[in-house]
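Walk through this structure with the sequence at hand. The account below goes from a helix pair to a sheet and then to a single residue.

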Amino acid sequence: MPQPDLLVITSASGKQATQLLPFLPSSLPLRLICHSESSADRLRSSHPNAEVLTGNLSSPSFCASALHNATALYHIGPPFHPFETTIGLALVHAASIERGNRNGRFRHFVYSSVLHSSIRKMLNHDCKRYVEEALLESGVPYTILQPTHFMEMIPVVNLAREQGDKVVFPAKWDPSVGFSFVALKDFGEAGAKVLREGEKHYSASYEICGTGPVTYNEVMRIVGQKIGKDVVVEQVGLQEAADGFVKMMSGGSEEVDPYTRDAAERMLLYYNRRGLVGNSNVLKWLLGRKPTSVAEWVEEQVGKGR
């Protein structure tokens, strides 16, 4: 009797996986990989039927264990991590070995990359380019998903909770520069579809955008209308922006690896001048509907915060 499929998800307690998991079949066997025991405890509580593993994904032996008897992998790299590329390459190698095993069943590596990974000026983009290249050359059936700027960067609930009719949004880059946004729930739905349909999406790279270019000035006008406040956009300096971004990524600490700060500062400088823009047609095709707009997403967040 054939064994059931087994899907492995890395960074399984993070924001991306949290929005992916609800769209997967409840009967699908899961192996959820995370870094800490506190994350593992949360996953065991929310997904009691899943196998949960903690370990170091930069270790080839742990990667081999993580993919043992797996049929598919959805890899979400740790953002702004100094070993993000190392982890991705180790998993590609492990997937290649697992697929080549006599009894191996591995047949799909889905990689959550980033929009325009060819932008070398941003370390958090460039590091993913090497993983994409390794996948292309590995012989492993793959799909590369390249999401843009997540709407979850917009602090709707926090702004709504502030006292007074006028609140300030401290922009970390020029608020007149355009960005394409995507809602994490739309990205999760698209990722789950790719996993379900499998072979239909082999050897594909999909740019995942929910909108065309929208500036943060425009976003904050929408937020102000939805929360009934005047939102004033004030751009902060690079140092303050970098400190705030690093704290957000590290859970409140400013003591991070120098690579993390370098990557944050380069990204902020790039965003300040060029933003990040793509096209929403691919996501519309994957979802079979129009992607969530900024206004729709903001209204949802306001409703959740009430």
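At roughly what angle do the axes of helix H9 and helix H10 cross? The model is a predicted one, in which local features need pLDDT of at least 70 and side-chain atom pairs count only at pLDDT 80 or more, while totals for chains, interfaces and linings use all residues. Residues are numbered from 1 along each chain as its sequence is written, and side-chain values use heavy atoms, with hydrogens and water left out.

The axes of H9 (residues 238–250) and H10 (residues 258–274) cross at roughly 125° and come within 9 Å. That makes H9 oblique to H10. Helices (H or I, at least four residues) and strands (E, at least two) are DSSP runs, numbered from the N terminus. Axes are lines fitted to C-alpha atoms, for helices over the stretch in contact, and angles run from 0 to 180 degrees between N-to-C directions. Angles under 35 degrees count as roughly parallel, over 145 as roughly antiparallel, 65 to 115 as roughly perpendicular and the rest as oblique. The crossing of H9 and H10 is right-handed; that term applies if the near helix is turned clockwise from the far one by less than a right angle, and left-handed if anticlockwise.

On the H9 side, the contact (heavy atoms within 4.5 Å) involves residues including Leu-238, Phe-245 and Val-246. On the H10 side, Arg-261, Met-267 and Leu-268 are among them. By class, nine residues of this contact are nonpolar, one is polar and three are charged. Here Ala, Val, Leu, Ile, Met, Phe, Trp, Tyr, Cys and Pro count as nonpolar, Asp, Glu, Lys and Arg as charged, and the others, Gly among them, as polar.

Now turn to the sheet. Seven strands form an open sheet in the order E3-E2-E1-E4-E5-E6-E11, with parallel pairing; two strands pair if DSSP finds at least two bridges between them. Strand E3 (51–54) and strand E11 (204–208) stand at the edges, each with a single partner strand, so one side of each lacks a neighbour in the sheet. From one strand to the next, the twist averages 15°. Five bridges join strand E6 (residues 142–147) to E11 in the parallel sense, and Gln-146 has Glu-207 as its bridge partner in E11.

Helix H2 (residues 37–46) touches strand E2 (30–34) and E3, and its direction makes about 175° with that of E3. Helix H3 (residues 60–67) touches strand E1 (7–9), E2, E3 and strand E4 (72–76), and the direction of H3 makes about 155° with that of E2.

H3 also packs against helix H4 (residues 84–100), at an angle of about 50° and with the axes 9 Å apart. H3 and H4 are therefore oblique to each other, and their crossing is right-handed. Cys-63, Ala-64 and Leu-67 of H3 meet Ala-90, Leu-91, Ala-94, Ala-95 and Glu-98 of H4. This contact has seven nonpolar, no polar and one charged residues.

Is Phe-109 buried or exposed? Phe-109 lies in strand E5 (residues 108–112) and is buried, with a relative accessible area of 0%. Buried means under 20% relative accessible area, exposed over 50%, and partly exposed in between (1.4 Å probe, protein chains only). Not counting residues up to four places away in sequence, Phe-109 touches residues including Leu-91 and Ala-95, which also take part in the contact of H3 with H4. Pro-141 is 32 residues from Phe-109 in sequence, yet 6.3 Å away in space, C-alpha to C-alpha.
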